[in-house]
Amino acid sequence: MFTYRKIKNFLELDFVEFIQDYFTIKTNVNVDCSDTDNDFSKNFHYSDMLIETILINSKESISNFVGLNLMPTYTYSGLYTKGDDIFVHKNKRTEHIECLLFLGSSNEKDEIFLSENTDCSNFISEELEPGDLFIFDGLKYWHWMNSLENIWAIRSFLYFVEDTKENEDLIYDGRPYLGFPKNS
């Protein structure tokens with residue numbers, strides 16, 4: 001049974017730098033891909049087309065890494081700034097296999113924490129560098145990222161579920177295809 005795994009240099013550094021520039025430009029021109037109208041949402045993107053292209057093109061390799069036949073659900077990406085965190089949580093059904101793609105930060109490292117315990121005891125931590133991918137079972141582990149001490153960090157989350165009859169309604173998070181907004 002799959003638990004977690006880090007893939008070093010999942011994306012080459014040249015491509016990671018391209019994505020950093022892409023999100024910087026997207027944020028600076030205030031392209032809002034979220035479902036809210038607040039200023040905070042301009043930094044976060046549900047279903048970004050570039051990241052969803054990575055999602056669909058990595059389906060086979062992620063399936064091989066976890067030993068399951070997977071289907072993609074959606075992506076969520078963000079340009080996090082100092083003080084932002086990811087609170088302790090377990091994932092919903094559409095996020096069974098979570099892939100954290102670290103795309104860089106002002107200090108070039110990031111860290112994620114996992115625990116099987118509701119009190120977050122006996123946690124494991126994994127340090128990531130730009131281009132690293134950390135894959136884990138989001139339904140099994142409580143997970144979080146501490147308050148960002150860096151000036152900025154870019155993180156993308158790619159989500160998959162096992163390709164089964166029971167999950168067929170979850171493909172593309174209920175959208176007609178990848179890249180569409182949530183309520184299309």
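1. Arginine 155 lies over the face of tyrosine 80, at 4.6 Å from the ring centre. A charge sits over a ring when NZ of Lys or CZ of Arg is within 6 Å of the ring centre and within 35 degrees of the ring normal.

2. This is a predicted model, in which local features need pLDDT of at least 70 and side-chain atom pairs count only at pLDDT 80 or more, while totals for chains, interfaces and linings use all residues. Residues are numbered from 1 along each chain as its sequence is written, and side-chain values use heavy atoms, with hydrogens and water left out.

3. A polar atom of the aspartate 84 side chain does lie 2.8 Å from the backbone nitrogen of threonine 81.

4. The structure holds 13 aromatic pairs, that is, rings of Phe, Tyr and Trp (its six-membered ring) with centres within 6.5 Å; planes under 30 degrees apart count as stacked, over 60 as edge-to-face and the rest as tilted. Phenylalanine 123 and tryptophan 144 form an edge-to-face pair, because their planes stand at 70 degrees, with ring centres 6.0 Å apart. These two residues are 21 residues apart and link distant parts of the chain.

5. The rings of phenylalanine 134 and phenylalanine 136 are tilted, at 35 degrees with centres 5.7 Å apart. Both residues are buried. Ring pairs link Tyr4, Phe134, Phe136 and Tyr141 into a cluster.

Conventions. A polar contact is a pair of N or O atoms within 3.5 Å; within protein, one must be able to donate a hydrogen and the other to accept it, and residues adjacent in sequence count only if both atoms are side-chain atoms. Helices (H or I, at least four residues) and strands (E, at least two) are DSSP runs, numbered from the N terminus. Buried means under 20% relative accessible area, exposed over 50%, partly exposed in between (1.4 Å probe, protein chains only).
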